[in-house]
Amino acid sequence: MSRQTSLTQYLVEQQREHGHIPQELRLLIEVVARACKRIAIAVNKGALGDVLGTAGSENVQGEVQKKLDIIANEVLIEANEWGGHLAAMASEEMDGIYVVPNRYPQGEYLLLFDPLDGSSNIDVNVSIGTIFSVLRKVGHSRGVSEDDFLQPGKQQAAAGYCVYGPQSMLVLTVGDGVAVFTLDRETGSWVLTQDQVKIPEDTKEFAINMSNMRHWAPPVKRYIDECLAGSTGPRGKDFNMRWVASMVADVHRILTRGGVFMYPWDQREPEKPGKLRLMYEANPMAFIVEQAGGAATNGTERIMALNPTKLHERVAVVLGSKNEVERFTAYHLEAAQK
Ligand code: P6P
């Protein structure tokens, strides 16, 4: 049997060779990975585990919460609150931050997560996932507040996601490339199955919800029209389209074979810059994509350079194959100059 590298061994070797992963951060990542294993088990139970359907409540976004949204959130809170590595947590499913209770030691890290992204897909058995982002608490005051979380994505110490699909896979970056681990259900271990992932700079595959076409801004329409024109149009090549409506699944496909993912601003809710959340969706995914040689902007600016003003703020997102993101962004910048 070929020698397998576990998540623990990978993290220890990263620390030994690159010094990227202080002890506390290593503990944090291992605890989150263990929590994702528990979420994977709950997700895989489906109708057998009384985990499907809605919970009869709404989250801070005004979205109906699925039972699994709440289960996943609770698993991540319970797994992380006692370890002494965190000062506080923030979640798509919670209005305010969750400060580590006084009965536990507080650490220097802040953990943000979308506990179960794409939950509209749960009941139809389509891949969903957990997205997480790690920041350092700046300053050494004992207290922690929402303001401590409001840091640009380039400050992230680590980011990752777990996709619960045909395989459960954990994708992680600590700023030294992107590693992929597959859950070995027989041993319960996360096993390294890919390292130093690279997203091809060009692609023939785009991901966007086409039903919103009539609401898009002109640069988006221009970009998509050119893709649809295919080999007969200005791009000179045919494109394929995918849309899973689960960001984790779409991003994982792009990480695996290239592509460009777009959730742009549109006229349906013009006061909102986009649908996706900056702090615990766009930033962690942007970190991973950039570490894999891709790019991520909001149409005009690098996602990871944006300075957040609110914990749950939304953002427009285009990410993936570098040359396509640059083209999409160039169209927006051209339109802004008219
Ligand atoms: P739509 C899931 O609800 C999510 O936040 C992302 O995972 C996904 O990419 C997007 O929304 C899907 O949105 O409007 O196509 O249902």
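This is a predicted model: local features need pLDDT of at least 70, side-chain atom pairs count only at pLDDT 80 or more; totals for chains, interfaces and linings use all residues.
User: Where does Ser 119 sit?
Analyst: Ser 119 is in the loop between strand E5 (109–117) and strand E6 (128–136). Strands (E, at least two residues) and helices (H or I, at least four) are DSSP runs, numbered from the N terminus.

User: Is Ser 119 buried or exposed?
Analyst: Ser 119 counts as buried because its relative accessibility is 14%. Buried means under 20% relative accessible area, exposed over 50%, and partly exposed in between (1.4 Å probe, protein chains only).

User: What does Ser 119 touch?
Analyst: Not counting residues up to four places away in sequence, Ser 119 touches Lys 66, Asp 69 and Ile 128. Contact here means heavy atoms within 4.5 Å.

User: And Ser 127, where is that?
Analyst: Ser 127 is in the loop between E5 and E6. Ser 127 is buried, with a relative accessible area of 18%. Leaving aside neighbours within four places in sequence, its contacts include Tyr 164, Pro 166 and Ser 246.

User: New topic: which loop holds Asn 209?
Analyst: Asn 209 lies in the loop between strand E11 (205–207) and helix H5 (218–229). At 23% relative accessibility, Asn 209 counts as partly exposed. Not counting residues up to four places away in sequence, Asn 209 touches Trp 216 and Trp 243.

User: Let's do H5. Why does its length make sense?
Analyst: At 1.5 Å a residue, the 12 residues of H5 should span 16 Å, and its end C-alpha atoms are 16 Å apart, which agrees. The expected span is 1.5 Å times one less than the number of residues.

User: Which residues of H5 are buried?
Analyst: They are Pro 219, Val 220, Tyr 223, Ile 224, Glu 226 and Cys 227. Seen down the axis of H5, these buried residues fall within an arc of 155°, so they line one face of the helix. That arc is taken from the directions from the helix axis to the C-beta atoms.

User: What do the buried residues of H5 pack against?
Analyst: They pack against E11, strand E13 (260–263) and helix H8 (322–337). Just after H5, Gly 230 takes a positive phi of about 55°.

Definitions and conventions: Residues are numbered from 1 along each chain as its sequence is written. Side-chain values use heavy atoms; hydrogens and water are left out.
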